[in-house]
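This briefing sets out what can be read from the model shown below, grouped by topic. Please keep the sequence and the coordinates at hand while going through the points.

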Amino acid sequence: MNRMTDRSRRLLGRITALALFLGVGAASAAPAYQMPFPCGQVWRLATWQGHNPDRAVDMNRDNDFGDAVVASAGGTVTTARDLGDTSYGRYVVIDHGNGHSTLYAHLSGYRVIVGESVSKGQRIGSVGSRGTASAHLHYEQRVSGRAVSARFNGVAMPYYAVVFWTSHNSCN
Ligand SMILES: [Zn+2]
């Protein structure tokens with residue numbers, strides 16, 4: 001073992017420690033999520049006791065079957081799956097890095113595949129009623145696979161309440 005190798009190993013160790021430190025630091029910050037609909041659209045967002053999971057948000061507007069569902073933030077598709085008329089039905093999960101992900105369920109269809117990179121505001125599917133009684137988007141923001149309180153455009157969703165909010169997704 002010569003001196004150069006030892007020095008290189010020490011340097012590599014320091015770089016690895018720094019990368020781990022930066023990685024842990026970044027995990028606390030969620031992506032700047034936007035509503036999963038095109039810019040300017042107004043949707044009814046409902047949170048309610050007994051919802052499974054509790055922090056999920058159900059989203060509607062009039063005649064919404066087939067309406068575009070877009071990515072809340074850029075990321076990589078980790079799930080694009082059809083459970084039939086049970087549970088989430090047709091649903092998509094996007095991984096945004098550092099343990100953060102979003103889930104879009106009951107879709108009438110999706111247009112992404114696992115492993116695909118998507119950008120914020122990109123259409124990933126359509127509102128539907130797969131796995132549920134009436135058309136709506138069931139939506140979750142997750143940390144390490146668990147739904148957490150949702151935020152859009154920097155504003156926290158109220159629990160438990162119904163609000164009518166305008167999408168600011170990719171407005172410019
Ligand atoms: Zn739901």
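Two strands are taken to pair if DSSP finds at least two bridges between them, and the helices (H or I, at least four residues) and strands (E, at least two) are themselves DSSP runs, numbered from the N terminus. With that convention, G75 stands opposite V118 in β8. This is a predicted model, in which local features need pLDDT of at least 70 and side-chain atom pairs count only at pLDDT 80 or more, whereas totals for chains, interfaces and linings use all residues. Residues are numbered from 1 along each chain as its sequence is written.

**Confidence and overall make-up**

- The pLDDT, the predictor's confidence in each residue on a scale from 0 to 100, averages 90 over the protein chain, and 84% of the residues score at least 70.
- Over residues 18-26 the pLDDT is below 50, and beyond near neighbours in sequence this stretch has 1 contact in the model, a contact being a pair of residues whose C-beta atoms, placed from the backbone, lie within 7 Å.
- Where pLDDT is low, the predicted coordinates should not be read in detail.
- The protein chain contains 1 helix and 14 strands, and among its contacts with a separation of 6 or more, 65% are between residues 24 or more positions apart.
- Of the 172 residues, 31% count as buried, where a residue is buried if 20 or more other C-beta atoms, placed from the backbone, lie within 10 Å of its own, exposed if 12 or fewer, and partly exposed in between.

**Strand pairing**

- Strand β4 (residues 75-82) pairs with strand β8 (residues 117-118) in the antiparallel sense over 2 bridges, and β4 is also joined by 6 bridges to strand β5 (residues 90-97), again running antiparallel, with R81 opposite Y91 in β5.
- An open sheet of 3 strands has the order β3-β9-β7 with antiparallel pairing, and its edge strands, β3 (68-70) and β7 (109-110), each pair on one side only.
- Within that sheet, β3 and strand β9 (residues 123-126) are antiparallel over 3 bridges, and V69 has G125 in β9 as its bridge partner.
- Strand β2 is joined to β1 by 3 bridges in an antiparallel arrangement, where R44 has N60 in β2 as its bridge partner; 3 bridges also join β2 to β10, which run antiparallel, and there V57 stands opposite Y139 in β10.

- Leaving aside neighbours within four places in sequence, V92 is in contact with V77, T79, A80, Y104, L107, Y110, V112, I124 and G125.

**Loops and backbone geometry**

- P38, in the loop between α1 (3-27) and β1, counts as partly exposed because 16 other C-beta atoms lie within 10 Å; apart from neighbours within four places in sequence, P38 is in contact with A68, V70, S167 and N169.
- The C-alpha atoms of P38 and S167 are separated by 6.4 Å, although the two are 129 residues apart along the chain.
- Most residues other than glycine have a negative phi, and most peptide bonds are trans.
- A cis peptide bond with omega of about -5 degrees joins N52 and P53, P53 being placed in the loop between β1 and β2, and a cis peptide bond with omega of about -5 degrees joins Y159 and Y160, Y160 being found in the loop between β13 (155-156) and β14 (162-166).
- N63, which is not a glycine, has a positive phi of about 50 degrees; N63 lies in the loop between β2 and β3 and is exposed, with 8 C-beta neighbours inside 10 Å.
- S144, also not a glycine, has a positive phi of about 50 degrees; S144 is found in the loop between β10 and β11 (146-148) and is exposed, with 10 other C-beta atoms within 10 Å.

Key. Contact = placed C-beta atoms within 7 Å.
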